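Me: I have a structure open and would like to go through it step by step. Could we start with one of the helices?

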Amino acid sequence: MRYALVDGKKEEALPKAKGICPHCQSEMTAKCGRVKVWHWAHKGNPPCDPWWESETRWHREWKDQFPKEWQEILHIDPVTGEQHIADVKNPFGLAIEFQHSFIKPEERASREEFYEKMIWVVDGTRNELDESYFNMGLSSSPLTKSPLAYQMAWWGRSMLLHNWSKAKVKVFLDFGKDVLWRLIFFDSSKKVGAVGPLPKRAFIEDCMKGVKVSVAELSSEEKSSDDEST
């Protein structure tokens, strides 16, 4: 975890520091090595949230786009009392989960059912060839212009799009560029789908404001230019 309570304050890990888990009140130890990002670990115990995964710099860079007070927020089911920690949860009730590692379909479905109002941001750079496969299969001309969408044919052996094709909430693929790609749909049997681009800054701003995440559209000038070229 990124944060623990130190003298009652939410603090990041520092060498030899000790803290308390803000969610389960267990003792935590600072892990400050040379390879993994500095983090807190439950002393002698597994994480109090079984859905928690080891964080990468990619996770941290995304979390840094949002206020500290929105990060690692406990979400409690008012009926069952089940508890889990959202990577980011804005004051409007939207949970944003940043997923780097492979996630089993059963866990993905469980998270979506638990949070209900949520968005996935998936690390598309985890496998070195995924971005190449994505670019190879991306159509050069729009499938639709409003909203802007492109056909996608997936020829690589990677299961990136297959793994997220059954998601019930919005999924955005992050290839480390200024644009995210919304997975609109993907037919695993035909290996064909559709994706839509969205500037990363627009995504973040919408999440900050608590409004519905935008979709990109071609301007009138761009539409005319595109029509003339086809």
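This is a predicted model: local features need pLDDT of at least 70, side-chain atom pairs count only at pLDDT 80 or more; totals for chains, interfaces and linings use all residues.

Me: Is glutamate 116 buried or exposed?
Reply: Glutamate 116 has a relative accessible area of 65%, and because exposed means over 50%, it counts as exposed.

Me: Where is glutamate 72, and what is its phi near?
Reply: Glutamate 72 is in strand E6. Its phi is positive, near 50°. Glutamate 72 is buried, with a relative accessible area of 3%.

Me: Changing topic: how many aromatic pairs are there in the whole structure?
Reply: The search finds 13. In one of them, the ring centres of phenylalanine 114 and tyrosine 115 are 5.0 Å apart and the planes stand at 75°, so this pair is edge-to-face. Both phenylalanine 114 and tyrosine 115 are buried.

Me: Which residues form an aromatic cluster?
Reply: Trp58, Trp62, Phe98, Phe172 and Phe203 form one.

Me: What about the largest nonpolar core: how many residues does it have?
Reply: It has 29 residues. Those that touch the most other members are Trp120, Phe134, Trp154, Leu161, Trp164, Val171 and Leu173.

Me: Which elements give two or more residues to this core?
Reply: The helices are H2 (105-115), H3 (130-137) and H4 (160-164). The strands are E9 (118-123), E11 (148-153), E12 (170-174) and E13.

Me: Which residues does tryptophan 164 touch?
Reply: Leaving out residues up to four places away in sequence, tryptophan 164 touches Gln99, Ile103, Arg108, Trp120, Val122, Val171 and Leu183.

Me: How many residues are in the second core?
Reply: The second core is separate and has 17 residues, including Trp58, Trp62, Leu198 and Phe203. As general background, nonpolar side chains tend to be buried together in soluble globular proteins.

Me: Now the strands. Which face of E5 is covered?
Reply: In strand E5 (residues 39-42), Trp40 and His42 make up the covered face, whereas His39 and Ala41 are on the uncovered one. In a regular strand, side chains alternate between the two faces of the sheet.

Me: In what sense do E4 and E5 pair?
Reply: Strand E4 (residues 27-31) pairs with E5 in the antiparallel sense, over 4 bridges. Alanine 30 stands opposite tryptophan 40 in E5.

Me: Which residues does the cis peptide bond join?
Reply: The cis bond joins serine 146 and proline 147, with omega at about 5°. Proline 147 is in the loop between strand E10 (144-145) and E11.

Me: Where is aspartate 187 found?
Reply: Aspartate 187 is in strand E13 (residues 179-187). Aspartate 187 is partly exposed, with a relative accessible area of 27%.

Me: What does the side chain of aspartate 187 contact?
Reply: A polar contact of 2.5 Å joins it to the side chain of serine 189. Aspartate 187 is also 9.6 Å from alanine 153, C-alpha to C-alpha, although the two are 34 residues apart in sequence.

Me: Last topic, the protein as a whole. How many helices and strands does it have?
Reply: It has 6 helices and 14 strands. Its C-alpha atoms fill a box of roughly 65 × 40 × 35 Å along the principal axes.

Me: What percentage of the residues is buried?
Reply: Buried residues make up 43% of the 230 residues. Among contacts between residues at least 6 apart in sequence, 50% join residues at least 24 apart.

Definitions and conventions
Residues are numbered from 1 along each chain as its sequence is written. Side-chain values use heavy atoms; hydrogens and water are left out. Rings of Phe, Tyr and Trp (its six-membered ring) pair if their centres lie within 6.5 Å; planes under 30 degrees apart count as stacked, over 60 as edge-to-face and the rest as tilted. Buried means under 20% relative accessible area, exposed over 50%, partly exposed in between (1.4 Å probe, protein chains only). A polar contact is a pair of N or O atoms within 3.5 Å; within protein, one must be able to donate a hydrogen and the other to accept it, and residues adjacent in sequence count only if both atoms are side-chain atoms. Two strands pair if DSSP finds at least two bridges between them. A nonpolar core is a set of buried Ala, Val, Leu, Ile, Met, Phe, Trp, Tyr and Cys residues joined through side-chain atoms within 4.5 Å. Contact means heavy atoms within 4.5 Å.
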